[in-house]
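Hi,

Here is the structure I promised to pass on.

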Amino acid sequence: MRDAVILNAERQKYKGNIHAHSIRSDGEYTIEQMREAYRSKGYHFMCLSDHEIYFHSDAYDTGDFIMLDGYEMACEMDRETTGQQYHLHGLLDRSLLAEKPFQHDEVHAKPDYENLDTIQQLIDEMRSKGNLVIMNHPEWSKNREEDLLQLEGYAAIEIYNHQSEIQEAVGYGISYWDYVLKRGKQVNAIAADDAHGGPTDMAVSEFYGGWIVVETERLEQQAIIEAMKAGRYYSSNGPTIYDLRMENDRLKVKCSPVQSIRFITFPHNGLAEMDPTGESITEAEYFIQNDEQYVRVECVDAWGKVAWSNPIYPKSEWQV
């Protein structure tokens with residue numbers, strides 16, 4: 001496997017939350033209040049993923065903060081019958097060259113669920129309208145792993161949903177991610193807030209609990225989208241990943257002080273690096289054997305908070 005720099009400590013990175021709601025759907029705060037809440041905490045971008053109503057405006061953008069275009073789309077499903085829900089996130093991807101992209105405040109009618117084909121058709125429709133599609137909160141939605149494997153056309157799974165975790169203990173979707181990765185599907189991860197309301201300045205809040213950090217030269221919508229598609233970002237609910245690279249068949253990571261650095265892989269067992277005295281560590285490496293289905297990194301701090309890299313695929317030519 002050739003050497004590659006996946007995340008470079010010397011390159012520009014931008015922090016953002018791509019899942020939050022305003023009074024345009026079921027949120028408590030206005031667009032301006034949501035924007036200021038995240039901007040004031042050092043975020044560089046966010047998406048108001050209001051339900052079934054598209055955000056497509058640069059009126060709130062400044063040189064140091066932008067609002068990504070997108071929305072959250074749900075399919076009406078009777079949980080008593082289906083046992084689950086589907087919520088899909090759309091982010092405007094101009095490279096898809098949609099003939100009729102969604103306009104600002106355009107409402108997307110929910111489809112009536114018949115079977116899994118309904119969800120596939122919804123993904124296809126969202127992509128045809130120019131959207132990068134993300135599978136939101138699969139644990140909260142009680143999605144079936146085998147269904148996520150069968151569905152095509154989505155780019156990432158929301159592996160941490162902060163609001164779902166602090167309120168209902170169903171915020172982690174990592175098992176779904178590993179399930180599809182083990183079976184050959186190549187998808188990235190997302191951590192996000194899904195903030196709707198409540199106090200923004202409390203120790204336990206729907207805000208500021210899950211985010212992504214994207215490496216790109218420009219704070220612009222399409223630059224962020226292209227970096228996301230290339231996997232040049234990480235997800236976190238605590239630690240920071242500074243650098244991630246392949247050198248001499250070794251995957252090397254540098255991060256903020258953590259208790260352990262874990263290399264998750266398949267079909268081999270992975271590697272957990274820790275200091276035997278219990279001190280924090282800030283770097284580790286894993287020897288790539290080149291027959292792994294995938295390898296991903298988790299940096300876990302003393303409070304159990306995690307930063308997740310996106311997977312690399314040693315069997316495939318790694319592109320950066």
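Predicted model: local features only at pLDDT ≥ 70, side-chain atom pairs only at ≥ 80, totals over all residues.

Serine 236 belongs to strand E11, which covers residues 233–236. Its relative accessibility is 0%, so serine 236 counts as buried. Leaving out residues up to four places away in sequence, serine 236 touches Ala191, Gly209, Gly210, Trp211, Val306, Ala307 and Trp308.

Trp211 turns up again with a charge: the charged end of lysine 15 sits over the ring of tryptophan 211, 4.1 Å from the ring centre. There is another case of this kind, with lysine 129 over the face of phenylalanine 102 at 4.8 Å from the ring centre.

Now the inside. In soluble globular proteins, nonpolar side chains tend to be buried together. Here, the largest nonpolar core has 38 residues, and Tyr38, Leu251, Ile261, Phe263 and Cys299 have the most contacts inside it. A second, separate core holds 36 residues, including Met126, Leu148, Tyr160 and Ile264.

Then the rings. How many aromatic pairs does a search of the whole structure find? The count is 14. Two that I looked at:

- Tyrosine 43 and tyrosine 208 form a tilted pair, with 6.1 Å centre to centre and 45 degrees between the planes. Tyrosine 43 is in the loop between helix H1 and strand E3, and tyrosine 208 is in the loop between strand E9 and strand E10, so the pair ties together parts that are 165 residues apart in sequence. Tyrosine 43 counts as buried because its relative accessibility is 2%.
- Tyrosine 160 and tyrosine 172 are also tilted, at 4.9 Å centre to centre and 55 degrees between the planes. Tyrosine 160 lies in strand E8 and tyrosine 172 in the loop between helix H6 and helix H7, so this pair ties together parts twelve residues apart in sequence. Tyrosine 160 is buried, with a relative accessible area of 1%, whereas tyrosine 172 counts as partly exposed at 31%.

Tyr43 and Tyr208 also belong to one aromatic cluster with Tyr29, Tyr38 and Phe207.

Cheers

Definitions and conventions:
Residues numbered from 1 in each chain as written. Heavy atoms only, no water. Helix = DSSP H or I, 4+ residues; strand = E, 2+ residues; numbered from the N terminus. Buried < 20%, exposed > 50% of the residue type's maximum accessible area, 1.4 Å probe, protein only. Contact = heavy atoms within 4.5 Å. Core = buried A, V, L, I, M, F, W, Y, C linked by side-chain atoms within 4.5 Å. Phe/Tyr/Trp six-rings, centres within 6.5 Å; stacked < 30°, edge-to-face > 60°. Lys NZ or Arg CZ within 6 Å of the ring centre and 35° of its normal.
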